[in-house]
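Open the model in your viewer and keep the sequence panel beside it. This tour tells you what to select, stop by stop.

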Amino acid sequence: MNSRLMSIIRKEFIQIFRDTRTLIMILVIPIMQLFLLGYSATNDVRNIPLAVLDRSRSPESRALLDSYRAADYFRIAYTVDSEADIEALISAGDARAAVIIPPDYAQNLSAGNARVAFILDGSDPTSASTALSAAQLISQAHATELLTERFARTGSNLRVRPPVEVRTTVWYNPDLISAHFMIPGVIGMILYAIAAILTATSVVRERERGTIEQLIVTPIRPWELIVGKLMPYVILGFFNTIEVLAVGHWWFGMPIRGDLGLIIVLSIVFLTTGLGIGLFASTIANTQQEAMLTVWMTLLPSIFLSGFFFPLEAMPTFLRWLSYLMPLRYYLVIIRSLLLKGVSLDMIQTDVLAMSLFAVGIMTAAALRFRKRLD
Amino acid sequence: MTNYLVQATGLQKHFGNTRAVEGVSLNVKEGEIYGLVGSDGAGKTTTIRLLVGALLPDAGEVEICGYNILKQTEQARSTIGYLSQRFSMYEELTVLENIRFFAEVRGLSSTEWLPRSMEILEFVGLDKFKDRPAGQLSGGMRQKLGLASALVTRPRLLLLDEPTTGVDPVTRQDFWQLVIKLVAQPALNSSPATHNSQPEGVSVIISTPYMDEASRCHRVGFMKSGRIIAEDTPTNLRSRLNGRILELRGSPLDILRHIAHQNEYVEDVQAFGDRLHIRVQEGRAKDVLGRLKSDIESVGGHVDELRSAPPVLEDVFIALSDHEYASAPHPLKT
């Protein structure tokens, strides 16, 4: 083993372990982000605060409200006496939806033409659309129930059935748990951010503190310096991957269906793109802050254009083309497929190839820009 | 045959419109302490950085121990010990860890580095502080650590960029004793394997703004605006002003200075504590000595002593710094 290389790696590790700030960043931040995003970055809408104006005050109206209560999409937060109250609650954001049951609900129901008003705060389209479909679902189910009851009461044996029944089966994530979709993304983001930021700041710090001048004058070859500085972060990134996978699996119940070895190898390939970006940023930036900022500038588009939060299918064509430039995009496809679907390598080979090309390309560009010199 | 450890020719380096180094050539012999002096911004640091290959020259060549610094970089650098102007050890690492790191990356094996590091730490007097983080060392100790890490691989050429700037006088003295000892005892520097053969001599290039330090060098190059405008032994440099420096003591100083300036043969007047050093034109010392005392007394000044004095290096550098000498390449050659 090259002893110069080993010395650089050992020195880098000593520095990392003596610098509390870096250590916290490496050990705590990934887990913190995983918990933050695992719980907050979710599209599962639950417990929408609902305001109710029941003008009917009949057993029938109470039955309708009970069916709302039974589903956990809504939480009846307010029972009010006027439409003005509803308006006030929704404008204040205290209630996100409201149900108005008219005074003649019970009579109309027996006549078969009851109407209920449902008011929705559409300012957040994601939760509004979920709330809307939930409300429709609840009302329809309630209506079907009422019909069945009525037929039963008239002694008819007829069972009510919709003419077409769609039977839905959801594969891979049957409960549609957002966390299972988010955690692979979090792994990708953490690997990228940690690798890029730590690499960039650790190289720039040598320049900021003047230690680079001493390094330059040693016989260390440029590639040895690059590999020696990056290696510790590859090793740490490896442990971060394991750490986040473990917490994702045992805490959030995210399945690991694919080959664990393959997951780790491909994660390290992806890590290399992060290291490359960090190294590249370090050749542009003069201070650690500048380096940090440069990395963030690449991190944000990479998060938004990779399908992390927003589906790529929903993007305008131009942005979708742009997303092909984001290495994170390929990694997300790979890691989600491996974790949730348990596919084999040949199913994702295009993405693996694209990601590997990016890793090699970015690293080469950064290494070519990297100069073991002061100017 | 003279053995040159450093041969640099026609070095040039521009930063934008700033001509930091403008055609510097210098040769340093084995066993020589070469001083680079000059005011801030004269180009000393850039010159040293070009010599070690930390900067790419716009023009010119550098050979260190026979290796071209740009083409045989690795071989050339394995002969160099370099102490930069800024503290450039790792603050998180202890004294010994720093030495070890720089020893290993410069090629010492795992069995060599420890005895060598301890020997060098003892040499600079840091052995008692070997486990202290470098970030917690005082200014003088930091410089000694830098020197130790530059010396640990027993380099043949030591480049020190203003090593004593901001260091207290006692430590400065210590530091110079170390440098002088190093050059005087090549045995310390040769590896045990080559003990039987001719010990290899060490050369030192040191930049400094202090004239007392310059006078300790074997040879001094005076830099101004990116050029070496004078280069000689301190004695020869001083002798260029022989007979042209007068020392004047008396009171009040402002009258003494004023009257001295009015004399047509006086080129410059500088205060040295309670005395004035007056530089006169070539061969005019007698004229000035004969007239100055009476001139001063005629306006109410008082002269304690007026005599011809041996020039010090400071006089030489002040003379060199004057505009009239800046353009000509060797203005003071007689």
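**Stop 1: a sheet in chain A**

Start with four strands of chain A, which form an open sheet in the order S2-S1-S3-S4. The pairing is mixed. Helices (H or I, at least four residues) and strands (E, at least two) are DSSP runs, numbered from the N terminus. Two strands pair if DSSP finds at least two bridges between them. This is a predicted model, in which local features need pLDDT of at least 70 and side-chain atom pairs count only at pLDDT 80 or more, while totals for chains, interfaces and linings use all residues. Residues are numbered from 1 along each chain as its sequence is written, and chains are lettered from A and ligands numbered from 1 in the order in which they are written.

Which strands stand at the edges? Select strand S2 (74–79) and strand S4 (117–120) of chain A. Each has a single partner strand, so one side of each is left without a neighbour in the sheet. From one strand to the next, the twist averages 25 degrees.

Now select S1 (residues 48–54) and S3 (residues 97–101) of chain A, which pair in the parallel sense over five bridges. A:Asp54 has A:Ile101 in S3(A) as its bridge partner.

Axes are lines fitted to C-alpha atoms, for helices over the stretch in contact, and angles run from 0 to 180 degrees between N-to-C directions. Two residues are in contact if their C-beta atoms, placed from the backbone, lie within 7 Å.

**Stop 2: two crossing helices**

Stay in chain A and select H2 (residues 20–40) and H9 (residues 222–250). Their axes come within 10 Å and cross at roughly 35 degrees. From H2(A), the contact uses A:Ile26, A:Pro30, A:Ile31 and A:Leu34. Residues on the H9(A) side include A:Leu236, A:Val244 and A:Val247.

**Stop 3: where the chains meet**

Show both chains. Here 24 residues of chain B are in contact with 21 residues of chain A. On the chain B side, helix H1 (44–52), helix H2 (73–77), strand S6 (80–83) and helix H3 (95–105) each supply at least two residues. H3(B) gives the most, with five residues. The predictor gives the complex an ipTM of 0.81 and a pTM of 0.78.

**Stop 4: chain B**

Chain B has 13 helices and 14 strands, and its C-alpha trace spans about 80 × 45 × 45 Å along its principal axes.

Select B:Arg172, in helix H6 (residues 169–184) of chain B. Is B:Arg172 buried or exposed? B:Arg172 is buried, with 20 other C-beta atoms within 10 Å. The cut-offs are 20 or more such atoms for buried, 12 or fewer for exposed, and partly exposed in between, with C-beta atoms placed from the backbone. Leaving aside neighbours within four places in sequence, B:Arg172 is in contact with B:Thr164 and B:Val167.

**Last stop: confidence**

Colour chain B by pLDDT, the predictor's confidence in each residue, from 0 to 100. Chain B averages 87, and 92% of the residues score at least 70. Select residues 189–197 of chain B, where pLDDT stays under 50. Over residues 325–334 of chain B, pLDDT is also below 50. Where pLDDT is low, the predicted coordinates should not be read in detail.
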